[in-house]
Amino acid sequence: MTDVTDLPGGSELRTDVPEPRTPGRYRLAMVCLGNICRSPMADVVLQARVAEAGLDDRVEVVSAGTADYHVGKPMDRRAAATLTAAGYDATRHRAQQLGPDWVGACDLVLVMDDSNHADVGEHERVRLFRSYDPVGTGGEVPDPYYGGDDGFQEVLAMVERTGERLVELVAERVRS
Ligand code: 4NP
């Protein structure tokens, strides 16, 4: 069966990231609702790619939720188990809420869905995470919180393929 999230999202794949505010450095923020499922998964995967690219001294990855429901808590255990099984370290995350100064302090804020986008607001540096996903470009990262384990696998696949492209694009910005 075709998964709806793999159908074309109908928007164009973004091929660049905004210029850094400070040349040679980059701060990326991942944002979802609770900061215990989607944005922490994206955060951990992006950090791993950044480290592999040897850019961890120049590129910072952070994440937050628009809501304060889970502030201070570790990741959802299903999100953590999915990451751990794929070889990532899910132990260090603690949920935090997006603050009013985040957009002004980050180079690129990636929101997981349209509702997160509406909550954060329109800004050149605020973009849908999957506007960088070559598969189903422009779609939402579906919220896996109320679903089964398959949802977490699907989120992992999205953040892995999108994260790889994002780190390539950010690497061009910090190296040029
Ligand atoms: P997330 O998932 O936004 O991907 O972290 C959710 C986590 C918690 C809730 C909703 C979504 N909640 O309603 O508590």
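**View 1. Ser39 sits in helix H1.** Helices (H or I, at least four residues) and strands (E, at least two) are DSSP runs, numbered from the N terminus. This is a predicted model: local features need pLDDT of at least 70, side-chain atom pairs count only at pLDDT 80 or more, and totals for chains, interfaces and linings use all residues. Residues are numbered from 1 along each chain as its sequence is written, and side-chain values use heavy atoms, with hydrogens and water left out. Ser39 has a relative accessible area of 0%, so Ser39 is buried. Buried means under 20% relative accessible area, exposed over 50%, partly exposed in between (1.4 Å probe, protein chains only). Beyond its neighbours within four places in sequence, Ser39 contacts Met30, Val31, Cys32, Ser63, Ala64 and Met112. Contact means heavy atoms within 4.5 Å.

**View 2. Helix H1 (residues 38-52) crosses helix H5 (residues 149-175) at roughly 40 degrees.** Their axes come within 9 Å. Axes are lines fitted to C-alpha atoms, for helices over the stretch in contact, and angles run from 0 to 180 degrees between N-to-C directions. H1 is therefore oblique to H5. Angles under 35 degrees count as roughly parallel, over 145 as roughly antiparallel, 65 to 115 as roughly perpendicular and the rest as oblique. The crossing of H1 and H5 is right-handed. Right-handed means the near helix is turned clockwise from the far one by less than a right angle; left-handed means anticlockwise. On the H1 side, the contact involves Arg38, Met41, Ala42, Val45, Leu46, Arg49 and Val50. H5 supplies Phe152, Val155, Leu156, Val159, Glu160, Gly163, Glu164, Leu166 and Val167. By class, the H1 contact with H5 has 11 nonpolar, one polar and four charged residues. Ala, Val, Leu, Ile, Met, Phe, Trp, Tyr, Cys and Pro count as nonpolar, Asp, Glu, Lys and Arg as charged, and the others, Gly among them, as polar.

**View 3. Helix H2 (residues 77-85) meets H5 at roughly 55 degrees.** The two axes come within 10 Å. H2 is therefore oblique to H5. This crossing is right-handed. Arg78, Ala79, Thr82 and Leu83 of H2 touch Asp149, Phe152, Gln153 and Leu156 of H5. The H2 contact with H5 has four nonpolar, two polar and two charged residues.

**View 4. Val109 lies in strand E3 (residues 108-111).** Its relative accessibility is 1%, so Val109 counts as buried. Leaving aside neighbours within four places in sequence, Val109 contacts Ala29, Val31, Val103, Arg125, Val126 and Arg127.
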